[in-house]
Amino acid sequence: MIQSDPTLPKNGLLTAGGDNTTAVGWFGVCGLLILQFALFLQFAQREIVWGYPMAYDQTVFLSKAYETFDHMLSHGLISGLAHGISLRVPQGNLLHLQASLTYFLLGPSRLSSIILNFAYFALLQYVLVSVALWLARSWAIAYLTMGLLWTTVGRFFIVGGGITDFRLDFISICLFGIAIGVVIRSGLLANLSWAPVVGATVAYLVLFRYLTLTFVVGITAVCFVVLVIRRRSADLFVGDKAWRRLRGLVIAAGVFAALVAPMMVYSREVIFAYYVRGHLGPDKDIRVAEFGTGALIDSLLYYPRWLFNAHAGRLFLTFVPVMLLILLTLAWRSRGRAGVEPSPSPVGFGETSLFLGVCFLVPFVILTLDPSKSNVVAGVLLMPILWLVAIAVIALRDRIAGVG
């Protein structure tokens, strides 16, 4: 595939086609999001908000959200927000804070709480469409990428981690997908002006859920090693691009550290108690027995099983292979034929696939090594797969059109 220099993107985040095409395309996206929100509201009111919240985690986060909201009413908005930030929560310090703000604006209720889930789900779809437009310059590909997310079933996971569940899982999954999209939009950090945005986005992900710090550190370490190796390449273009990305990585890491370090230091004791003593202490044997992961093979297959059955789902696992097979067939049959060439993708399929593979493998290894497993966190592994399918579709589209 022909690749342009990702350090010099020719258009902005939202540009694709002419002005009329862009306006109509975004009008359609907004219409679809409004329809989804209407369906979300009627489902939540009919099935969810009238009942008691399931699971201990939900009651903990709800109690902290109501505590922060009550402090707002008693001492004012700013004082209430300061109180919410001061709470040392071992999993993350943003969910109850944001929920208290929705209570302040919409009134205190469970519906106000879980509206946050939909907001982040909508933001994920916006990023999917925006980055797909930037990569493919095609509204058809952008809508297809949005539709790929709809074929998954994780948001319907009522037991825990779904869109109506007031815990960290669903939003952190969306944020992981958003962070991956922002990295891709930065040309895999080749565009230095996007490096601070990458750092801030990833910092927000970690501040929302502290567990993701292990993912970020692992992914960054692997990418750093790969870039150092590529920097030594005999190909000057490859070496220069790797050097530029190393500089972008350093900038992003600096912004990330400046934003994350204060809260990590402030909450270090409760984080250590929850994740180290809790996950690796005596209670781990209870979790191993509960989920039947004592045997090595059961531990290795635990997250793939939950990923494919409860988060990806049958429709995704059927539609994606069939779609890719059709595109592969068309690409093979169009070899050597001249066609109308679309604008080449700003980042290459190979380098992006490598990055997405790292984004899958690092969390998978970390989660698998943790003896205290949770089926709801498996959804985080779906995000790099979703992006990889979108990148593969764009690459095959280019092959079918005669690029490369």
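This is a short tour of the model, stop by stop, with what to select and what you will find there.

**Before you start**

You're looking at a predicted model, so local features need pLDDT of at least 70 and side-chain atom pairs count only at pLDDT 80 or more, while totals for chains, interfaces and linings use all residues. Residues are numbered from 1 along each chain as its sequence is written, and side-chain values use heavy atoms, with hydrogens and water left out.

**Whole chain**

Start with a cartoon view. The chain has 15 helices and 0 strands; both are DSSP runs numbered from the N terminus, helices being H or I with at least four residues and strands E with at least two. Of the 404 residues, 52% are buried, where buried means under 20% relative accessible area, exposed means over 50%, and partly exposed is in between (1.4 Å probe, protein chains only). Take the contacts between residues at least 6 apart in sequence: 81% of them join residues at least 24 apart. Contact here means heavy atoms within 4.5 Å.

**Stop 1: helix 2**

Select residues 56–75, which is helix 2, and pick out Gln 58. Gln 58 is buried, at 2% relative accessible area. Show its surroundings, leaving aside neighbours within four places in sequence, and you'll find Pro 53, Arg 110, Thr 164, Asp 165, Phe 166 and Arg 167 in contact with Gln 58.

Now slide along to Glu 67, also in helix 2. Glu 67 is partly exposed, with a relative accessible area of 36%. Not counting residues up to four places away, Glu 67 touches His 83 and Leu 87.

**Stop 2: helix 3 against helix 4**

Next, select 77–86 (helix 3) and 95–106 (helix 4); their axes come within 9 Å and cross at roughly 155 degrees. The axes are lines fitted to C-alpha atoms, for helices over the stretch in contact, and angles run from 0 to 180 degrees between N-to-C directions. Helix 3 and helix 4 are therefore roughly antiparallel: angles over 145 degrees get that label, under 35 is roughly parallel, 65 to 115 roughly perpendicular, and the rest oblique.

The crossing of helix 3 and helix 4 is right-handed, meaning that the near helix is turned clockwise from the far one by less than a right angle, with anticlockwise being left-handed. Show side chains for Leu 77, Leu 81, Gly 84 and Ile 85 on helix 3, and His 96, Leu 97, Leu 101 and Phe 104 on helix 4, which make the contact. By class, the contact of helix 3 with helix 4 has 6 nonpolar, 2 polar and no charged residues. For these classes, Ala, Val, Leu, Ile, Met, Phe, Trp, Tyr, Cys and Pro are nonpolar, Asp, Glu, Lys and Arg are charged, and the others, Gly among them, are polar.

**Stop 3**

Go to Gly 162, in the loop between helix 6 (139–150) and helix 7. Gly 162 is buried, at 1% relative accessibility. Beyond four places in sequence, Gly 162 touches Asn 117, Gly 154, Arg 155, Phe 157 and Phe 170.

**Stop 4: helix 7 against helix 15**

Select 168–185 (helix 7) and 382–401 (helix 15), which pack at about 40 degrees with axes 9 Å apart. That angle makes helix 7 oblique to helix 15, and their crossing is right-handed. Helix 7 brings Ile 173, Phe 176, Gly 177, Ile 180, Gly 181 and Ile 184 to the contact, and helix 15 brings Met 383, Pro 384 and Trp 387.

Centre on Ile 180. Its contacts, neighbours within four places aside, are Phe 355, Leu 356, Cys 359, Met 383, Pro 384 and Trp 387.

**Stop 5: the core**

Which residues have the most contacts inside the largest nonpolar core? They are Ile 180, Ile 184 and Phe 355, in a core of 119 residues. Such a core is a set of buried Ala, Val, Leu, Ile, Met, Phe, Trp, Tyr and Cys residues joined through side-chain atoms within 4.5 Å. Select 110–136 too: this is helix 5, which gives the most to this core, with 18 residues.

Finish at Leu 188, in the loop between helix 7 and helix 8 (195–208). Leu 188 isn't a glycine, yet has a positive phi of about 55 degrees. Leu 189, in the loop between helix 7 and helix 8, has a positive phi near 75 degrees. Leu 188 counts as buried at 11% relative accessibility, and Leu 189 counts as buried at 8%.
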